[in-house]
Amino acid sequence: MNSNRKIYIADDELNLRRGIRQFLEADGYFVRDFEDGESLLAAFREEEADIVILDIMMPGMDGFTICQEIRKISTVPVIITTAKDTEADYSQGLAAGTDDYITKPFSPKMLAMKIEMFIRRLDYEREYAERDLMTGLYNKVNGIKHVENKIRVMHDMNKSEKADRSSDTLEPVRGALFVMDIDNFKNVNDTLGHPVGDQVIIDVSQALLRLFRSTDILFRYGGDEFVAFAVDFVDNNFVSHKAEEICKAIRQSYSNSQHTCKISASIGIAYFPEHAHNYTQLLEAADKALYKAKENGKDGYFIYENI
């Protein structure tokens with residue numbers, strides 16, 4: 001479905017732009033049409049669209065000028081539609097920053113195919129921007145964002161259910177934040193070299209991907225540290241068992257012709273909502289638990305409530 005995709009169209013031919021709008025709306029897009037470029041530009045400055053379609057010849061500012069104004073504030077794909085098809089027109093369109101050029105008359109189906117191509121490219125770019133380049137996991141910024149959103153939803157669910165049932169004994173929706181460090185990682189880099197250290201990061205990330213579920217949120221926090229937020233579990237035994245699985249999976253040796261380095265995992269765990277009601281406080285509690293796990297000799301886990 002394309003219901004969350006916004007497309008803005010500016011063309012002074014009423015029947016043409018309305019025909020395009022109806023065709024794209026039937027395909028699931030949210031579409032706004034404008035009779036001139038200035039109106040579209042004003043709307044775009046208030047709320048960006050995913051795709052902009054501009055005719056060249058319109059009252060007031062032409063499509064090339066509108067595209068140049070859009071380029072000052074956004075990289076959104078811009079498609080130019082026009083009856084002019086000279087080489088000079090194409091060159092002017094490229095100079096203005098357009099992404100594609102369709103000569104009138106054209107079929108709405110062809111336009112929809114081009115739009116779909118741009119939407120797929122946008123999806124890929126947005127997904128890629130959210131990922132850690134080495135591991136393919138969420139990066140720190142987006143991982144935190146996803147956890148915060150999940151906690152917000154869970155908090156609202158708990159608040160709503162408690163209000164509906166008026167019960168203090170109602171079991172809340174819960175989550176567990178895992179903060180995981182690779183033990184002896186510096187020794188791997190110093191002794192075996194950074195290429196082996198990079199491989200350790202990749203191997204650990206793959207092991208974590210296998211152990212956590214698609215409903216959980218997993219990301220690389222930075223360096224040799226990973227964070228996961230597990231949800232929808234029945235009891236604390238699930239969390240303890242998961243931590244034991246992680247320790248077992250990461251307990252490995254890496255060697256070259258002269259040296260061998262052993263790695264393991266230290267894990268700190270904190271529960272939502274028992275230990276904290278937001279991500280920052282939850283991370284602080286899990287970090288304290290991680291410190292205890294390292295104090296206890298590493299290669300193990302500690303739960304905040306046991307401190």
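Is Arg45 buried or exposed? Select Arg45: at 51% relative accessibility, Arg45 counts as exposed. Buried means under 20% relative accessible area, exposed means over 50%, and partly exposed lies in between (1.4 Å probe, protein chains only).

**Before you go on.** This is a predicted model, in which local features need pLDDT of at least 70, side-chain atom pairs count only at pLDDT 80 or more, and totals for chains, interfaces and linings use all residues. Residues are numbered from 1 along each chain as its sequence is written, and side-chain values use heavy atoms, leaving out hydrogens and water.

Stop 1: Glu69 forms a salt bridge with Arg45, with the closest N and O atoms 3.3 Å apart. A salt bridge is a side-chain nitrogen of Lys or Arg within 4 Å of a carboxyl oxygen of Asp or Glu. The pair links distant parts of the chain: Glu69 is in helix H3 (residues 63–71) and Arg45 in helix H2 (residues 37–46), 24 residues apart. Helices (H or I, at least four residues) and strands (E, at least two) are DSSP runs, numbered from the N terminus. Glu69 counts as buried, at 19% relative accessibility.

**Stop 2: Asp99.** Select Arg71 and Asp99. Their side chains meet in a salt bridge (2.7 Å, N to O). Arg71 lies in helix H3 and Asp99 in the loop between helix H4 (87–96) and strand E5 (100–103), so the pair ties together parts 28 residues apart in sequence. Leaving aside neighbours within four places in sequence, Arg121 is in contact (heavy atoms within 4.5 Å) with Pro77 and Asp99.

**Stop 3: along H5.** Select Glu116 and Arg120. They form a salt bridge, the closest N and O atoms being 3.4 Å apart. Being four residues apart in helix H5, they are separated by about one helical turn. Arg120 is exposed, with a relative accessible area of 58%. Glu116 counts as partly exposed, at 26%.

**Stop 4: helix H1.** Select residues 14–26, which form helix H1. Which residues of H1 are buried? Arg17, Ile20 and Leu24 are. Look down the axis of H1: its buried residues fall within an arc of 60 degrees, so they line one face of the helix. That arc is taken from the directions from the helix axis to the C-beta atoms. What covers these buried residues includes strands E1 (6–10), E2 (30–34) and E3 (51–55), and helix H5. Turn to the face away from the buried side: the exposed residues Asn15, Gln22 and Ala26 are there.

How values were computed
The expected span of a helix is 1.5 Å times one less than its number of residues.
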